[in-house]
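Please look over the structure below before reading on. The briefing that follows goes through selected local features first and then the wider architecture.

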Amino acid sequence: MASLSSCCPAAPFALLLGTLASAVHAQIPPPVGTDEFARRQTTHWAWHPLRTEAPPTSSPHAVDAFLDARLHKAGLQRAPAAEPTTQLRRLWFDVVGLPPPPDAVQRFGADPSDAAWQREVDTLLASPHYGERWARHWLDLVRYAETMGHEYDFEVPNAWRYRDYVIRAIGGDVPYDQFVREHIAGDLLPSPRRDADGNNESVQATAAFWFVEQTHSPIDAAQHQADRIDNQVDVLGKAMLGLTISCARCHDHKFDAIRANDYYALVGFVQSSRYVQAPLQPVDVHGAAYQAILTAQRDLATAWAANAAGTTWPKLATTAPEQWQDEATPPLREGERRLLDSEGSLAEWFVTNDGFAAAPWRGPFCPDASAKTPQLFVLPGAFWHSGTAGARREGTLGSPTFLLAHRYVHVRTAGVGSRIKLVVDGFHLVRDPIYGALHRAVDDPNAHWVTFDTAPWAGRSAFLQCIDQVAPDLADPDHDRSHYPEHGWLAVQTVVLSPHGEAPPSTAGNPLAAAGWSELPANVQQALATLRTAAASLPVSPTIPSLTDGTGRDSHVALRGDHRKPGAIAPRRFLSALVGNEAMPTGPGSGRLALADAVLHPNNPLLARVFVNRVWHHLFGRGLVRSVDNLGALGDQPTHPELLDWLARDAIHHGWSQKHVLRRLLTSATYRQDSRVRPEAAVADGANVLLHRQNVRRLAAEAVRDSLLAVSGRLDAKQFGPSVELPKDAHIEARGRPARSGPLDGDGRRSIYLAVRRNFMPPMLLAFDLPTPFATVGARNVSNVPAQALTLANDPFVHAECARWATQLLATSAADVDARITLAYTGAFARLPSHDELTNCRAFLADTEGSWPDLLHALVNTTEFSYLR
Amino acid sequence: MTRPDCPPPSRRDFLRTAWNGFGMLPLAHLGLRTDGGAQRRHHAPRARAVIFLYMDGGPSCQDLFDYKPRLIAENGKPFGLKKEPTQFNDNGNTLGPCAKFAQHGDSGQWISDLLPNLATSADRLCVVRSMVADFSEHTNANYFLHTGHGLQGRPSMGAWIGYGLGSDADDLPAFVVLNGGLIPPGGIDNFHSGFLPAHSQGSVLQMRGDAVANITPKETVASRQRQKLALAHTLDTATQQRFGKDPAIEAAIANHELAFRMQAAVPDLVDLSGKSSGESKALQSLYGLDDEYEPTRTYARQCLLARRLVERGVRFIEVTCPDTHHDRWDQHGNLAKGLRDNCRMVDRPIAGLLADLDARGLLDETIVVFGGEFGRTPFAQGGSGRDHNPFGFTMWMAGGGFKPGTSYGATDDYGYKAAVDPVSIHDLHATILWQLGIDHERYTYRFGGRDLRLTDVYGRVVKPLLA
């Protein structure tokens, strides 16, 4: 089964079982020879370096100069400037996605000078609403969603933080190259970008990898992994490079200079990476609180030592302290292999977040700061431990990837409110049916064994994740955390891969009983109390789904895209058309840092071309390359190749600043020109490829809804935060239907803050072509369907906002009916009504007993409300 | 036939999408009569419409259609063949059918006594006993059945067919889903247009409340909506004069008029009780609208509406199941009771539908398809259930040029895997398209740099099924 992005599906499994007589006649194209590959590379424009033509000198503005040259050649001229208020409305919707308020309309109407335009552009680019509008464009590219779709539409915990990250990054004009680097390897950057509070911004970008559709309990997890990575590579390829790389999953690309080997070389990077909830606040953000914990830890150790010998330990133990023995790591039995030893090192393991201390904790007791009353727990022996500095330190301990050559995995562990899961074939959604037994809650503070029976997955690749954190895990049924305490801890002593179902014998057993507070010596009591206070003062970091490194593994080329038919190894590297066939030094782990370097290397012309082309698309309704997500051979040719490359160079030269690109385009006469159809020009340039006029464009789904909130006065400018749920009755009954219902008006929040649940998308936005999030969508559909008219005519939200708008309008100090109509017109259409329009509106009011809500509702139902001239 | 994925915004495109689309449940679109440009036939069609009776959950064919004496003989004994992994892997011994089988009609089709009314239509059925699918999980399997692909995001077959052939109705969409109350796992994406234009997506009609979202005017004064739209139209006209005509704007204006008309058309469609509906008491009874079992009444209403939609020129009608509180046809346990209730729900309405279509001469040009996303195991899950089985199951077609009174293909002795003449989901799609006049290999749509088909790179027309 191949995903949407791929060309040819792998053979269905029914075929392999010999039951499918229809027989696959999938035409697998032959491998592409060296000559053909070179031909594709040299003849297709997109692989060529950026051109260096200087703009013609016919216009002071480079953009106009390039476009005018083409128009003149066709015997055409650019249209005159649009009316000032038309320009202003266009600018507002394009930059911030909202209608200009009446005072802005008056201001610019009174002074439509170039300087005033420049001011308006700068003001809008500095507006918080700019980040919200342009973040949404990016979210379309990464198929942003807060649930995984499929049968139960499970939530991706904390997905909304990524939306906020993008709004901040774009609003703050983070250089696009940095933005891309963070998306590929934000978790690995030696000096991640921090916000003013010290939060790690960079790591948050990698959440984009987890907006992939995820299946509930697939029978073949390896197939699921192959499909998941296919989508992840597809999104990366289309969003950043404008290439359909996943078309090379089953065979060399049919048309582009991309080999199947290139596809699998990229698969290796993703396959060597894992899911984890990453904290936004590294522990160093809370330096003082953290230092206090370390100090308290040392003091406890000192107090402990002072009592170690010859002290009375009432009720603590059945034996005297001097007879306590550390529980040694059990020796291996026949056929066993040790994966982890507390006496060894974590060198091959992956310690993500700050939870697990770098050195093992050595017993016999361990403070349990999570318990309601302070306690020491018996923990004989050395354990890798996440709770010694308090339960508020959280983290994940990941094993190296190993093959399931032994049937059983025994883990010696102790903990509270934590879990250990065995991730087979990269399948993190470890749940019933099928996978439930691979996910174990750890809720016993005494050392004990947890055993996984891996019989159904013999020979598959797997890794353990030992997880101590508050954030829900993908394995939690319905993310129900109620059975876990707020904060817990987890300790792991050893992991044994074994043919034996019985856990290894423990050498010392548990001779000690848990110690209550009052039974401890006073100095230990005090030191423990100090540690608890210090630990409790450490804020728990919010987390975000992210990538983290796992064991670095190159992928096999899957023959015909079938993961069960591994071909040659494809060493990890970037596209051979850009970096050649040399192996790429990837270092330990996934190697994504090196991949980011390659993607951002100046010899890659695609990144900048795709970047500026997308901006162009959003301001003119179509890109210089119309197929914005595909610059390959099956995509469109650029209409103005020299302009495209000039803009790309200009963007790079100006630090990959999106705001710079926008300023460049928004100040052009081409952008500001009129959109009226001119019959004589329409003959020569019917599709307006040469941009002899601006295009008339329909508002995006979000802008339609946000406009209603803006004119009614309901718009709440609040930024960021968890998504607002939709009213429940907007949904049909189906599995995974959200339990919570939201307000009809979405609390007046902008549409970008509405919940994006794959199986329960916002109906109003869908009607206006919000894409369903499954693949990169750089150019949304612009459909014209009656559902849009029905929404504007009959949707209760629309009616409610018109009523609110009427109330607002009647409460203003407007002198009379005409003044109110004028105010409504200015709000809705950014212009004054004509004499006839005033007359018509007055007549309507006269016929309807002065029903203002109905008048305003009629205005909303005009095309002028939802179209940009 | 091939269309670019991003057509230039010509006036014709705007008008066509305007006249082709009409909204659906999450307010999508109801596609209306299309102009000639959307007629995409490769050869003379044998049928003009499809009614897909979708049995959500995977009915147990061993208890309904696939008569296997060996299954009865070895009931309770260890299963005689190697078992493939299943969704729940709680697999027990051989489980015989929970109903008695008999042969029916001149054709002698085997049908169990759970479907007594349908059995009287045995000679109308073309039964395929050797279906195979690629997935054992509901959601993948549902996407696969509906879109020819196991993941989310592809166009449903109704969307392909509606987009390709358009609607013959003036005010109804080409692809309608009559929702009995249950939306299958995978959600409404089973009815989605995917990368096809939005107007080709399935329009979900609910059996309760408003049939279509926002179809009912909210104005309390009856004439008010007309007044408003008149004002909006006047203002639009003035704006057109002021800014000049633009094809996109013209199409949007037409769209508002269309929406207004549909506010009348949809209530008219779903009103069965009024005198003007023309559906007599006797006919309603034939479908089971007077049945004492509520799910039967709901399903009867859906089947009757399906026929009304065919009459109005709708191209593809999918009928989803009402809730019998047995988790659809997904009998992992309590097989006998679940099957009995589900069969009770669909038996009378489907028999009524076939008879009614036949009497009106519509069956000949309408393909009726019955089936689920997979079948069930011939061995027990737990004590009293069956797990998912995509390796061999039964579907049947009636009308539309499918050979009546026919059995095709066979499973092994246990009804486990297709053993003779397997038919894949892609084959089914290819054959249905063929009867509608479409060659599945030539019907493509470019998206993401590739010419995509409903049948992907698979499928063949199963000619022996055709009359």
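**Backbone features and architecture**

A:Trp656 is found in the loop between helix H17 (641-653) and helix H18 (658-666) of chain A, where helices (H or I, at least four residues) and strands (E, at least two) are DSSP runs numbered from the N terminus. This is a predicted model, in which local features need pLDDT of at least 70 and side-chain atom pairs count only at pLDDT 80 or more, whereas totals for chains, interfaces and linings use all residues. Residues are numbered from 1 along each chain as its sequence is written, and chains are lettered from A and ligands numbered from 1 in the order in which they are written.

- Most residues other than glycine have a negative phi, and most peptide bonds are trans.
- A:Trp656 has a positive phi, near 55 degrees, and A:Trp656 counts as buried because it has 21 C-beta neighbours inside 10 Å; the term buried requires 20 or more other C-beta atoms within 10 Å of the residue's own, exposed means 12 or fewer, partly exposed lies in between, and C-beta atoms are placed from the backbone.
- A:Asp425, in the loop between E10 and E11 of chain A, is not a glycine and yet has a positive phi of about 50 degrees; A:Asp425 counts as buried, with 20 C-beta neighbours inside 10 Å.
- The loop between strand E10 (408-424) and strand E11 (439-453) of chain A also holds A:Pro433, which is joined to A:Asp432 by a cis peptide bond with omega of about -15 degrees.

**Domains of chain A**

- Chain A is divided into domain 1 (13-30 + 174-278 + 550-599), domain 2 (62-135 + 606-696), domain 3 (284-541) and domain 4 (701-868), with bounds that come from an automatic or database domain assignment.
- The centres of domain 2 and domain 4 of chain A, taken over C-alpha atoms, are separated by 26 Å.
- Between these two domains of chain A, 19 residues of domain 2 are in contact with 19 residues of domain 4, contact being defined by C-beta atoms, placed from the backbone, that lie within 7 Å.
- On the side of domain 2 of chain A that touches domain 4 of chain A, helix H4 (84-95), helix H5 (102-110), helix H7 (128-141) and helix H16 (606-620) of chain A each supply at least two residues, and the largest share, five residues, comes from H4(A).

**Helix H7 of chain A**

- H7(A) is largely enclosed by the rest of the structure, because twelve of its 14 residues are buried; among them are A:Tyr130, A:Trp134 and A:Trp138.
- The elements that cover the buried residues of H7(A) include H4, helix H6 (114-125), helix H8 (160-171), helix H10 (221-241) and helix H21 (701-712) of chain A.

**An exposed position in chain A**

- A:Ala305 lies in helix H12 (residues 287-307) of chain A and is exposed, with 9 other C-beta atoms within 10 Å.
- Although A:Ala305 and A:Lys565 are 260 residues apart in sequence, their separation in space is 60 Å, C-alpha to C-alpha.

**A sheet in chain B**

- An open sheet of three strands in chain B has the order E4-E12-E13 with antiparallel pairing, two strands being paired if DSSP finds at least two bridges between them.
- Strand E4 (91-94) and strand E13 (385-389) of chain B stand at the edges with a single partner strand each, so one side of each is left without a neighbour in the sheet.
- Strand E12 (residues 375-381) of chain B is joined to E13(B) by four bridges, and B:Arg376 stands opposite B:His388 in E13(B).
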